[in-house]
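Hi,

Here is the structure I said I would pass on.

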Amino acid sequence: MKIFTAEQIRAWDQFTISHEPVPSIQLMERASIAVAHWISENCKYHRKAVVFCGNGNNGGDGIAVARMLYQKGFDVDVFVNNLKEKFSHDALVNLKRLRDISGISIKKFSDIDDYNFDDKTMIVDALFGTGLSRSLEGEYKEVVNQLNAKKNIKISIDVPSGLPTDKIIENKDCVFNADYTLSFQSWKRTFLHPEAGEYTGKVFILDIDLSKEYAESVAAEYNVIDDHLIDSIFQPRKEFSHKGTYGKVMMIAGSYGKVGAAVLATKSALKTGAGLTFTLAPECGYEILQTSCPEAMFFAGGKEHIENFDVDENMTCGIGPGLGTHPQTEKSFLNFLKGYNTPLILDADALNMISKDSKNLKFIPEKSILTPHPKEFERLFGKTDNSFDRLELAREKAKELHVYIVLKDHHTQIINPKGEVYYNITGNAGLAKGGSGDILTGILTSLLAQGYSEEDTCILGVWLHGKAADFASEKYSKESMLPTDVINELGSVFKELNKRTEKDL
Ligand SMILES: NC(=O)C1=CN([C@@H]2O[C@H](COP(=O)(O)OP(=O)(O)OC[C@H]3O[C@@H](n4cnc5c(N)ncnc54)[C@H](O)[C@@H]3O)[C@@H](O)[C@H]2O)[C@@H](O)CC1
Ligand SMILES: Nc1ncnc2c1ncn2[C@@H]1O[C@H](COP(=O)(O)OP(=O)(O)O)[C@@H](O)[C@H]1O
Ligand SMILES: [K+]
């Protein structure tokens, strides 16, 4: 799914209005129906809605939603700043429609102090959407701060008011703090970044049937990975196949005290479906690996740390989990890197050893996949002020080095050598534990070995990792789920993917 800027979304609305064609007031009605439907389907406990409306079309949506919720049996009140202010045309039409309904009262912001926000009341925020042009001030700032102090459940229409959609948030002191954001048609970029993500709560994207023709024809540099994209990448296993069909993985991982990382990466590679899996690890990991992963073959690369990277180019190598940065490991790894020309998956200590000298970057084979977390990224490429800047630096570096960068985060970003970005929306905070990254390395190495392109490997692999984590958190909770549980849920994800490829009889 492409991510569009606020300006592109405005053009998308206009394109739909003139090409469908549909009057703009009808498009607002469509958007509002989607919101009112979501609320009535999901909010069973809260029977009263208090809707805060601005003067633009976001406010217009709010006014229309108020009417629809009332018709669905909710008690509804509407707050506006000042009825005498200029409203957008469509907001005004909806305001007139509302006046015909005697059961809804229209109040002023100054009435908040005397208003009864009981625990069955939900607050709906329709102050500003994609038309926000500056930070909130004056009455708007005051009302948002007052609402944020309330314990009631809070729902934003399209965008939490005060949150810019396309640039990093600067004025953090005044943004509506939503529990749920019901956003129209596509993700807004800021929702996917940690600095702003905290204001959106859970995001639901509501389909309001904006023109498909526009979406297909307009180029976007930023995308969200959706099921449609995953289904176009995933290849079910062929019945007439053999282990040679699915590639050879070489996990290069582990050192004394960190053999577990090699186990996790190896198990993930096996469970993702590689034909043959080998692990190059120090001898101290021999019994551990052979016992915990009997399907994998063992190569010894040293006693307590790897000091011999003797690997065939017909293997797909994933290097880094638990490797350590012993000087002998480093020397041997950098020598290996200089002579190796096939794409690699580079993670953790492999990245840390490269980052000791920026000259090492040029030894990374083209089309390799680098999987840094924010700190590893900083060691490799330098400090940035925020996650937007970090992503822009990653785009520059991916182009310069012709590599894929998997920038790990709550919403991990995949950047290809053209600088295009794919945000992942599977995964959860249950992954915020040591070992989660080792699993990702195993998954990516396995997919690349099986013949997926580098780009498809990154997109499918990061999505799989997150999806398996979502299944694990449902079973065990975010607190208790372990990386091993994530590996064990890979099977459920593949079952679901395979089911989606089956043709109905
Ligand atoms: N255009 C369309 O056809 C559709 C628009 N939709 C809704 O329309 C919204 C966008 O509407 P608008 O473009 O009217 O924009 P908004 O309603 O987000 O706000 C724009 C108005 O607020 C003012 N404003 C901006 N920042 C301000 C600030 N900090 N303090 C005070 N005033 C400020 C602007 O001058 C303008 O009058 C979307 O978010 C969505 O909710 C939906 O109804 C779907 C269809
Ligand atoms: N809060 C979170 N939400 C979603 N994914 C997360 C979260 N925290 C961590 N992850 C994911 O877990 C993995 C952690 O990787 P990393 O930090 O390298 O772990 P380790 O090196 O300990 O194995 C990454 O894929 C990251 O995207
Ligand atoms: K809003």
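Leaving aside its neighbours within four places in sequence, which residues is H411 in contact with? They are L192, Y423, N424 and I425. Do keep in mind that this is a predicted model.

H411 sits in the loop between β15 and β16, and that loop also holds H410. H411 counts as buried because 22 other C-beta atoms lie within 10 Å. H410 has 17 C-beta neighbours inside 10 Å, so it comes out as partly exposed. Beyond four places in sequence, the contacts of H410 are P194 and G197.

Both histidines turn up in an unreviewed UniProt entry, which lists K408, D409, H410, H411, T412 and G437 under "binding site". Those residues are spread over 30 residues of sequence yet cluster in space, with a largest C-alpha distance of 13.9 Å.

On to ligand 2. It has 18 residues around it, and A429, L431, A432, S436 and G437 come nearest. Helix α15 (residues 436-449) gives the most to this shell, 4 residues. By type, the shell has 10 polar, 5 nonpolar and 3 charged residues.

Last, the core. The largest nonpolar core has 138 residues, and the members touching the most others are V51, F52, V65 and V124. Helix α16 (residues 454-480) supplies the largest share, 10 residues. Domain 1 (12-218) and domain 2 (230-501) both contribute residues, so this core lies between them. As for V51, its contacts beyond four places in sequence include V65, V76, V78 and V124.

Cheers

Methods:
Residues numbered from 1 in each chain as written. Chains lettered and ligands numbered in written order. Predicted model: local features only at pLDDT ≥ 70, side-chain atom pairs only at ≥ 80, totals over all residues. Core = buried A, V, L, I, M, F, W, Y, C linked by C-beta atoms within 7 Å. Buried ≥ 20, exposed ≤ 12 C-beta atoms within 10 Å, placed from the backbone. Helix = DSSP H or I, 4+ residues; strand = E, 2+ residues; numbered from the N terminus. Domains from an automatic or database assignment. Contact = placed C-beta atoms within 7 Å. Near = placed C-beta within 6 Å. Nonpolar A, V, L, I, M, F, W, Y, C, P; charged D, E, K, R; others polar. UniProt positions renumbered as here; feature names shortened; annotations may be inferred.
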